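Colleague: I have some questions about how the terms are applied in this model. Please set each value against its definition.

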Amino acid sequence: MVNITIDGQQVAVPKTSTVLEAALSLGIKVPTLCYHPELRVEGACRVCMVEVQGARSLVASCVYPVNEGMVVHTNTAAVREARKSVVELLLANHPTECLSCQRNLNCELQNIAADVGVREIRFDGEKKNYPLDDKNPSLVRDQNKCILCGRCIRACSERQGVHVYSFANRGFNTTVVPAFSLGLDQVACTFCGQCAAVCPTGAIVEKDDTEAVWAALSDPKKHVIVQTAPAVRVALGEALDLPNGSIVTGKMVAALKRLGFDKVFDTNFSADLTIWEEGSELIDRLTNGGKLPMITSCSPGWVNFIELKYPDLLDHLSTAKSPQQMFGAVAKTYYAEKAGIDPKDIVSVSIMPCTAKKAEAARPEMNSSGYQDVDYVLTTRELGRMVRAAGINFAKLTETEFDAPLGIGSGAGVIFGATGGVTEAALRTVVKLVSGKELDNIEFEAVRGMTGIKEASVQLKEGLTAKVAIAHTLANARVMLDKIRAGEADYHFIEIMACPGGCSGGGGQPIITSAEKRQKRMDAIYECDRCSEIRKSHDNPAIKELYDTWLGKPLGEKSHHLLHTHYHK
Ligand code: HC1
């Protein structure tokens, strides 16, 4: 440990700490922009400058290491002036369209400008005039709002191992761009949205589909239904001024009804359906010599990644569609028939924690109902904005139940939203299907938690043990796929989710900047499971009815047509 003094307070910190980390440990707020606690430090923006006694000039605290006996001042006239100048220089060529920016009131640059006391833009610099990169279904990049912090570059390369972005050019012309300045639709982008999740400004945001949904809601000829993903219920509250990790399932349903949706359904329903189909596929591969390890296919950022980077391994992917797309196909066929509504009049909306879900819904093959199965995908952030626009006092809403039958889901369905959850949900059902016995303990602690790659062995029945692995983030997916290529992956089943922590850390969730906050969402997901009346997918009565009255059996002909898909090399 090293002893240092910051603003007159003494503190002992690990000798590998930076001055910023030491200050934060004392609760001293130092403004930062290029710094992100989960990414490598860069020291690019200089807004975190502090005074270190004996140093020749002010130092960037995010990269400056502590030393024994160091004395630091974070609040001197020189520090305040320097930080203000840095922010003023950033604003000199930044568009002044805060009021119409998607990140208005949620922009780190805006907040810091307010904190350091910028009251006028003293330097009226040359503005940039780059075209919008908006030709893909998921993300919009506006380089004019980019402050060159490099957080998107680091998230895409370190966290995701995808390496779409890099710096280009010099001086005033420096930009952050995909290769050859191409649009995201023309490069190997997975649309996971982790770049948007770390962007401090409105330079990378989700494509906003709220106007199209408002239009559908005000069209009296349309029957507008909505499904809500497992991880939305533990994060939407954050967008509406409730504490991080609040479980807002009932309020979310109430808000969606207030917005005018005709039916509010739950993606947990189709997560249970996925378990039936994917679990049966696993058993089929285990017993009939199919390709192993079988890998989950519900995270669309992950599916894009394997298609783009490891197409030779595509036959490892389960052919089961994601719960979002199973829901879409069932809604415009089974539900339409049951409710006596022409599917052409149904508008199917989903609320997802994920930007890649927009691209998934737009895939040309996702039309097994004869129509686009899911018409619009909104992120958790977009739903938050709609609730605000409607003037709904979210905190005061009375909790409301999902509609039946597509709103009936199990605890196994809800844990899809946390890394390890799909595996745990699958094991709860596969053990029953293989052994005929119900599990005594359905909570598989070994597959839970934030470790990047987890492994476990589970006895399915006497003499048959399944070896499973779980990876979250695409950088960890890469490790797993390299292992398969090298013939070193002796697993039967692998779960891969593109985002850190699984969908709870999705690129469309309210923006958070710490692993602790993500953990709170995960804890909330497991709490939702513990409180569920039904905890295993095979106990969901609405799914039983779906098979008994309409689908037939898992992996049957109708299932094959509606619930399974193929991939692109
Ligand atoms: Fe997910 Fe899934 S868990 S992919 O993260 O399988 O987005 O929440 O809805 O489809 O169920 C996302 C979450 C989500 C699907 C389910």
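Colleague: What makes a residue part of the shell around the ligand, and which are the closest?
Modeller: The ligand is surrounded by 19 residues, the closest being Ala229, Ala231, Cys298, Cys354 and Cys503. Helix H9 (267–288) and helix H11 (323–339) are the elements that give two or more residues to this shell; helices are DSSP runs of H or I, at least four residues, numbered from the N terminus. This is a predicted model, in which local features need pLDDT of at least 70 and side-chain atom pairs count only at pLDDT 80 or more, while totals for chains, interfaces and linings use all residues. Residues are numbered from 1 along each chain as its sequence is written.

Colleague: Why is Trp550 called partly exposed?
Modeller: Buried requires 20 or more other C-beta atoms within 10 Å of a residue's own, exposed 12 or fewer, and partly exposed is in between, with C-beta atoms placed from the backbone. Trp550 has 13 such neighbours, so it counts as partly exposed. Trp550 lies in helix H18 (residues 541–551), and its C-alpha atom is 7.4 Å from that of Tyr334, 216 residues apart along the chain.

Colleague: How many residues do domain 2 and domain 3 bring to their contact?
Modeller: Domain 2 (128–205) and domain 3 (211–563) have bounds from an automatic or database domain assignment. Their contact takes 17 residues from domain 2 and 21 residues from domain 3, where contact means C-beta atoms, placed from the backbone, within 7 Å. On the domain 2 side, H5 gives the most, with three residues.

Technical notes
Near = placed C-beta within 6 Å. Contact = placed C-beta atoms within 7 Å.
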